[in-house]
Amino acid sequence: MANLQLGDNAPDFTAETTEGNISFHQWLGSGWGVLFSHPKDFTPVCTTELGRVAALKSEFDKRGVKVIGLSVDPLGSHKEWANDIKETQGHALNFPLIADGDKKVANLYGMIHPNASDTMTVRSVFVIGPDKKIKLTLTYPASTGRNFDELLRVIDSLQLTANHKVATPSDWKQGQDVIIVPSVSDADAKQMFPSGWKTVKPYLRVVPQPGKR
């Protein structure tokens, strides 16, 4: 089983999806991506999750993030299930689902945890940056649906901190104050943040979010 860690290169692969065959890195292009697995088609929690992602598609698009799902079920099953998702969740599937019947992608990304199930993928999430490196991993059990609003919040933080020498505090949301990273000296901070900051402790300097929108 793969043990992918933060900063590792996201493995490339080719796969059959509900929107045609893809080469993963080529499909991602120069932007951000989210690859997430669900245990099985025609299951209740997975149905709600995919409906929620479909509802949030415009929010991912706004951030320049492509989303793609995966399970080890075949393509025909995915396409039949899409009808149930639209009917029960009120949103049609609007992103590709990988049909990983041979578990090639699941094994590449360590999505099968044998002590949970040796046949189904767990609820894995990988956020991948424009450099094709893994920026975030999350793993949920089959019984617990994911919070995709939280995923968007984390993506906001990842994109902000990739471009500015700041970190985001606990429970941070888009537009709120951030923290100047300790590696930035006060002298350098004056150049980066000419409007100033609040020093709570020498290591805890709070500043308005750069480029606040």
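Colleague: Is Asp73 buried or exposed?

Modeller: Please bear in mind that this is a predicted model. Buried means under 20% relative accessible area. Asp73 has a relative accessible area of 10%, so Asp73 is buried. The residue is found in the loop between strand 4 (65-71) and helix 4.

Colleague: Which side chain makes a polar contact with the side chain of Asp73?

Modeller: For such a contact one looks for a pair of N or O atoms within 3.5 Å. Here the partner is the side chain of Ser71, at 3.1 Å. If residues up to four places away in sequence are left out, Asp73 touches Lys40, Asp41, His78, Ala99 and Asp100.

Colleague: How many aromatic pairs are found in the whole structure?

Modeller: The search finds seven. Phe36 and Phe148 form one that is edge-to-face, with 5.8 Å from centre to centre and 70° between the planes. This pair links distant parts of the chain, 112 residues apart: Phe36 belongs to strand 3 (residues 32-37) and Phe148 to helix 6 (residues 148-163). Both Phe36 and Phe148 are buried.

Colleague: Why is the pair of Phe42 and Trp81 called tilted?

Modeller: Planes under 30 degrees apart count as stacked, over 60 as edge-to-face and the rest as tilted. The planes of Phe42 and Trp81 stand at 45°, so this pair is tilted; the ring centres are 6.4 Å apart. The pair joins the loop between strand 3 and helix 2 (44-55), where Phe42 lies, to helix 4 (residues 75-89), which holds Trp81, 39 residues apart. Phe42 is partly exposed at 42% relative accessible area, whereas Trp81 is buried at 0%.

Colleague: Which residues do ring pairs link into a cluster?

Modeller: They are Phe13, Phe24, Trp27, Tyr109 and Phe126. Over the ring of Trp27 sits the charged end of Lys66, 5.2 Å from the ring centre.

Notes: Residues numbered from 1 in each chain as written. Predicted model: local features only at pLDDT ≥ 70, side-chain atom pairs only at ≥ 80, totals over all residues. Heavy atoms only, no water. Phe/Tyr/Trp six-rings, centres within 6.5 Å; stacked < 30°, edge-to-face > 60°. Helix = DSSP H or I, 4+ residues; strand = E, 2+ residues; numbered from the N terminus. Buried < 20%, exposed > 50% of the residue type's maximum accessible area, 1.4 Å probe, protein only. Lys NZ or Arg CZ within 6 Å of the ring centre and 35° of its normal. Polar contact = N/O pair within 3.5 Å; in protein donor to acceptor, adjacent residues only side chain to side chain. Contact = heavy atoms within 4.5 Å.
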